[in-house]
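The sequence and the model are shown first.

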Amino acid sequence: MRTNTIQGLVLTLTLALMLAAGPARSGEVAKKVEEAKTGEKEAATKGKVELKTEMDKVSYSIGYSYGRNMKQIKEEGMDINIELLYEALKTVMQGGKLAMTEEEVRQTLMDFDKKMNEKMQAKMMKQQEELAKKQEEMTKQGPANLAAGKKFLEDNAKKEGVKTTASGLQYKVVKEGTGAGPKLGDTVRVNYRGTLINGEEFDNSEKHGGPAEFELITGGVIDGWIEGLQLMKEGAKYQLFVPSELAYKSQMRGDKIGPNSVLVFDVEMLKVTKGEPKPAAGPMGGPGGPAGPGGPGGGPAGPGGK
């Protein structure tokens, strides 16, 4: 992230526009800046700004860019001195004497840019190291996950209302639907929640803004969803208990789904849109699917995940 570089471009554009307007206009704008500064609290209280002209929108947009970039810098633990920012802006617009030379300003921004980049790189490296460590730990859990999943499914199969298909998929009808049922090539719209057998949630359609919609194609979602969703009709609510062989097998997905994990889904079938069957999109249970096209983080666990 090159935050202050972006800020520099915005600031350059802003000052260029102001200076190009001439001394009289610059003085007027400086007055507006001062008024905006003193009226900050009042504007925040009202929570509404009137944008009557195109230049009002341009001015507000520049302010938005400033604010967003200032916020990013603050999130990195560095506070911008707003008073000095206002002072420098006003001094330049009024043609006053600057507290720094242009060379000092240029060097300061270059040093700050370097500092921000180093900080972000260090943060990214730390995150990558933490992820690699967690993935290594999860890999070691593969055999244990396999044994725990096998026992879970054996016990679960004995529970009232749970049915097991020939493939090993288990499901429970919470509410039967009365509408259309999907086939390969159809587009489905569903609400879902995905958990591990210990109850830990790894995905939820609500976290992505609402129902997930995706094409039901082999390779687009995991095998357990291909089979399980075709058992449902519009209006139905099912629980799907997906063996690792019908999910991600020995692969990991994200930072929660370890190798050989059994996945549990609460699914509500909202709508089925008929389509034409299509060739397989790739290996069944591959990237792209609930763990749905894309896997946890965007889709079942729905379309668009990682």
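The paragraphs below describe salt bridges and the solvent exposure of their partners.

The model is predicted. Across the whole structure, a search finds eight salt bridges. Side chains of opposite charge can pair when their charged atoms come close.

| Salt bridge | N to O distance |
|---|---|
| Glu-50 and Lys-52 | 3.6 Å |
| Glu-103 and Arg-106 | 2.8 Å |
| Lys-151 and Asp-155 | 2.8 Å |

In the pair formed by Glu-50 and Lys-52, Glu-50 is exposed, at 57% relative accessible area. Lys-52 is likewise exposed, with a value of 68%.

Glu-103 and Arg-106 both belong to helix 6, which spans residues 102-140. Because they lie three residues apart in that helix, about one helical turn separates them. Glu-103 is partly exposed at 46% relative accessibility, and Arg-106 is also partly exposed, at 43%.

Helix 7, residues 142-156, contains both Lys-151 and Asp-155. Here the spacing is four residues, so the two partners are separated by about one helical turn. Lys-151 counts as exposed, with 52% relative accessibility, whereas Asp-155 counts as partly exposed, at 34%.

Note on methods. Residues numbered from 1 in each chain as written. Predicted model: local features only at pLDDT ≥ 70, side-chain atom pairs only at ≥ 80, totals over all residues. Heavy atoms only, no water. Salt bridge = Lys/Arg side-chain N within 4 Å of Asp/Glu carboxyl O. Buried < 20%, exposed > 50% of the residue type's maximum accessible area, 1.4 Å probe, protein only. Helix = DSSP H or I, 4+ residues; strand = E, 2+ residues; numbered from the N terminus.
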